[in-house]
Amino acid sequence: MPRKVALGLTFAQFLMNCNQANQWRFPLRNTGFHITGIMVSWCKNMHEQIFSHILMECYKFKLVDPAEVFVDATHVKARTSNKKMQKRIAYEEALFYEELLKKEINEDREAHGKNPLKEKNDKDKDDDDNDSTQSAGGNPGEFTDDIPKDTKTTNCSTTDPESGWFRKGEHKNVFAYAIETACDKNGWIPGYTINPGNLHDSRTFKGLYDKIKDIGIETLVADAGYKTPAIAKLLTDDGIKPLLPYKRPMTRDGFFRKYEYVYYEYYDCYICPSNKVLTYCTTNRDGYREYKSCGASCSECPYLSQCTESRNHVKTVTRHIWKSAKTSIRHLE
């Protein structure tokens, strides 16, 4: 055990030295000489090869047990000043499941007698870029002071543009990296990825999963940040059991919880607490089926104030087309 801990600490210290490459010039401890930016890419490849070699030796001697894998991410502050930054346009980044989801949305709409969704034209894509979540990292060449007034922007470091603007605590923001790691029950690390700090765990999961999906995982344990329909489907399709914590419904006080609206799969409808039927209306671009009530009927319902505040008295309940995969998730007790 002491040998394993010492090995982990030694490699961690080596990574910390290599990750200072964004300064373009950093010292190796106890050597007295410096490495310039020319050797940065070589250094990164070298520590990746060392990590892979150590991991292969662990597999060789059966030290790694891939049956149960635990995944989580932690944030590390980048070695850059918060004052050295500029605004840049936040471009929309494609999700790893976008093409599969689009295909299944159109299949679901056709099964319900709806027309397939139209492809977005260039203007719509530009509008979506402006409304998208902040993209990660950046290129100094993209910095500009001539940004349209209503365009969504993100902060990008001029010193380390690969880092992301991360909210640390309630009142502090820093440039940081998110180190996403998978480990077995003995603490060995079969894979890791380093991402900009402003990306959510569910967005960066696919990069890590591609590295570890073939090692023989039976159960994958993660926190609530990974509890999404896309990740649930990805794991269940590959025969892996997701083990995630229970997430409490985020419903306003005084209103019915979503589980109080009962779904009937045979009739493909919901029944509200007042025994009214919410029928299928459409499947939107995000992959959610929309079920709506009759506004004329609901306007006289005694539970209206606990159900909806819409002006037309119509209650809408959504259900993702991959909901069946999400319901197969085992919950941590």
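Modeller: Let's start with a definition: buried means under 20% relative accessible area, exposed over 50%, and partly exposed in between (1.4 Å probe, protein chains only). This is a predicted model, where local features need pLDDT of at least 70, side-chain atom pairs count only at pLDDT 80 or more, and totals for chains, interfaces and linings use all residues. Residues are numbered from 1 along each chain as its sequence is written, and side-chain values use heavy atoms, with hydrogens and water left out.

Biologist: Happy with that! How many residues of helix α6 are buried?

Modeller: Helices (H or I, at least four residues) and strands (E, at least two) are DSSP runs, numbered from the N terminus. Helix α6 spans residues 229–237 and is mostly covered. Its buried residues include Pro229, Ile231 and Leu235.

Biologist: Is Ser293 buried or exposed?

Modeller: Ser293 sits in the loop between β14 (288–292) and α7 (295–298). Contact means heavy atoms within 4.5 Å, and beyond its neighbours within four places in sequence, Ser293 has contacts that include Val277, Leu278 and His313. Because its relative accessibility is 10%, Ser293 counts as buried.

Biologist: Which backbone nitrogen does the side chain of Ser293 reach?

Modeller: Lys315 is also among the residues in contact with Ser293. At 2.9 Å, the side chain of Ser293 reaches the backbone nitrogen of Lys315.

Biologist: And how many disulfides does the structure hold?

Modeller: A disulfide is a pair of cysteine sulfur atoms within 2.5 Å. The sulfur of Cys294 has its closest cysteine sulfur in Cys298, 6.7 Å away, so that pair is too far for a bond. The number of disulfides in the structure is zero.

Key:
Polar contact = N/O pair within 3.5 Å; in protein donor to acceptor, adjacent residues only side chain to side chain.
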